[in-house]
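The stops below are given in the order in which to select them.

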Amino acid sequence: MAASPSSELLTEQQQSALVEEILLRASMRFPLGRPFTWGWGRFRTTAGTADFVKFHISLNKKLLYTEERLRLTTLHEYAHLLAVARVGTKGRGHGPAWRQAMQDLGLPVRVRHDYEVQRNETRSLVVYACQKCHFRFQRRRALPRRGKYIHAGCGGPLKLVERVSVTTETLNS
């Protein structure tokens, strides 16, 4: 069974050409009133971002490898710039101005993508000990250094006592 055109994997050259075409069409139908730029960002799980100060769209080349993903994400980010161009900084985020821009662009109003992504794995565990009752517990992240933390059980101060490097097998055992 042949893949549909929107699900075929795109080359880097095809990706760039398609983004240019999508943005040209969008800007002709819904001009921003000021110049904007776009480029490839270095993201792991983020599909794209829109910087409303620089009027710059950044896209994830590794995640947007089909025509459909590229079109949806590029226009999602363009909608952010369009919302800000229309109502100023009140148009930031995924509020009413962005939602209207998405509708104007003919897109479903979706805030987040559901593309499969490779998430970061935990690289270490941290161990804290209560200085009063000596209870020890593990966390996957260290607590921010500036804060003072107390053990909920006895009220004693907590102290970081150990950082443990882990592998996937360590976490699952």
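The tour goes from a helix to the nonpolar cores and then to a loop.

This is a predicted model, in which local features need pLDDT of at least 70 and side-chain atom pairs count only at pLDDT 80 or more, while totals for chains, interfaces and linings use all residues. Residues are numbered from 1 along each chain as its sequence is written, and side-chain values use heavy atoms, with hydrogens and water left out.

Select residues 67-87, helix α2. Helices (H or I, at least four residues) and strands (E, at least two) are DSSP runs, numbered from the N terminus. Just after α2, G88 has a positive phi of about 75 degrees.

Next, select I57, Y78 and L105, which touch the most other members of the 30-residue largest nonpolar core. Such a core is a set of buried (under 20% relative accessible area, 1.4 Å probe, protein chains only) Ala, Val, Leu, Ile, Met, Phe, Trp, Tyr and Cys residues joined through side-chain atoms within 4.5 Å. Two or more residues each come from α1 (12-29), β3 (56-60), α2 and α3 (96-104); α2 gives the largest share, 8 residues.

Stay on I57: beyond its neighbours within four places in sequence, its contacts (heavy atoms within 4.5 Å) include L23, W38, Y78 and L81. Another core, of 5 residues, lies apart from the largest one and includes V126, Y128, L143 and L158.

Finally, select H151, in the loop between β5 (136-139) and β6 (158-165). H151 is buried, at 15% relative accessible area. Leaving aside neighbours within four places in sequence, H151 contacts C130, C133, F135, G156 and L158.

Notes: The expected span of a helix is 1.5 Å times one less than its number of residues. Buried means under 20% relative accessible area, exposed over 50%, partly exposed in between (1.4 Å probe, protein chains only).
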